[in-house]
Amino acid sequence: MEKSPAPFSEIGRRARDLLTKDYNYDQKFTLTIPSSSGVGITATGVKKDQIFVGDISTQYKLGSTVVDIKVDTYSTVSTEVTLVDVFRSTKVSLGFNIPDHKSGKLDVQYLHPHAAINSSVGLNPSPLLELSAAIGSKDLALGGEIGFNTASSSFTKCNAGISFNKPDFSAAIMLTDRGQAVRASYVHLVNPVNGTEVGAEMIHRLSTYENSFSIGSAHKVDPLTSVKTRFSDNGNVAMLCQREWRPKSLITFSAEYETKAKNSVPKLGLALALKP
């Protein structure tokens, strides 16, 4: 629904994407092969230090049913079956990993013109229960989430947040880490023509009175090239340059340097995403 509030997980997403999305300090390769028959295949490989890990995933679409299967280098098979509109405005997903027989999980999402509700239940004798909800509209949303581990009888999540979104700016305030931290973020679209955005995020920890912040920016040099920068109070400086060298195929270079660390070595990363 176009006027429905986004799920709780989307509160503050615009700032998180500006400050963290596409930053990568390893060597990563992704190949996506779409198909008009409803079957798509994606192969991903990541080299971190001297270790190489990868996976192959496929997605099959048939009507309102989507089946995702992924096999990784550890021989783990992850499967998710999603049914859209089982009931009106409801999406149901069933996921499990092989050979882990305790990994089953059932997710249910319900969208209402003024609410978005997500629930998750682990399919095992001592399940992890999660519930999140957001109420309001596309522009203004208020929500919260809780998670409860029945095995330890303890809460794993207890967060709340509010966001206000417009095409040219987004602001959000969240209570995170089970009420131990306040996170505030703001993103502003400076120039719609070249996509220039600036944003900041500040975190205040209530128990220790510690503050931390990050500021970032994004800018399109031309229709095919974009750059991002990020500065943090801990002295870390990061930059990213992404180029669409052919339609839907991207090459991304990332770098980060710790200015306050002695004998610091810059972190460098290269990601190549191909989509024929």
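Which residue in strand 14 is the bridge partner of Tyr186? The partner is Ala200.

## Basis of the model

The model is predicted: local features need pLDDT of at least 70, side-chain atom pairs count only at pLDDT 80 or more, and totals for chains, interfaces and linings use all residues. Residues are numbered from 1 along each chain as its sequence is written, and side-chain values use heavy atoms, without hydrogens or water.

Strand 13 (residues 181-191) pairs with strand 14 (residues 196-205). The sense is antiparallel, over ten bridges. Strands here are DSSP runs of E, at least two residues, and helices are runs of H or I, at least four residues; both are numbered from the N terminus. Two strands pair if DSSP finds at least two bridges between them. Four residues lie between the strands of this hairpin, where Gly195 has a positive phi near 70 degrees.

Strand 14 also runs antiparallel to strand 15, with eight bridges joining them. Glu201 is opposite Ser214 of strand 15. This second hairpin has five residues between its strands, and Tyr209 takes a positive phi near 60 degrees.

## The largest pocket

The largest pocket has a volume of about 430 Å³. Closest to its centre, out of 21 lining residues, are Asp22, Lys220, Ser226, Lys228 and Gln242. Helix 1 (13-20), strand 15 (211-222), strand 16 (225-232) and strand 17 (236-246) each give two or more residues to the lining. By class, the lining has seven nonpolar, five polar and nine charged residues. Nonpolar covers Ala, Val, Leu, Ile, Met, Phe, Trp, Tyr, Cys and Pro; charged covers Asp, Glu, Lys and Arg; the others, Gly among them, are polar.

A pocket is an open set of points on a 1 Å grid over the protein atoms alone, where a 1.4 Å probe fits, with protein on both sides within 12 Å along at least five of seven lines; lining residues have an atom within 4 Å of a point. Points are joined across faces, edges and corners, and the volume is the space filled by probe spheres set on them.

## Pro125

Pro125 sits in the loop between strand 8 (115-122) and strand 9 (128-136). Pro125 counts as exposed because its relative accessibility is 76% (exposed is over 50%, buried under 20%, partly exposed in between; 1.4 Å probe, protein chains only). From Pro125 to Ala151 the C-alpha distance is 8.6 Å, with 26 residues of separation in sequence.

## Cysteines

The whole structure has zero disulfides, a disulfide being a pair of cysteine sulfur atoms within 2.5 Å. Cys158 is partly exposed at 40% relative accessible area. Cys241 is partly exposed at 29%.
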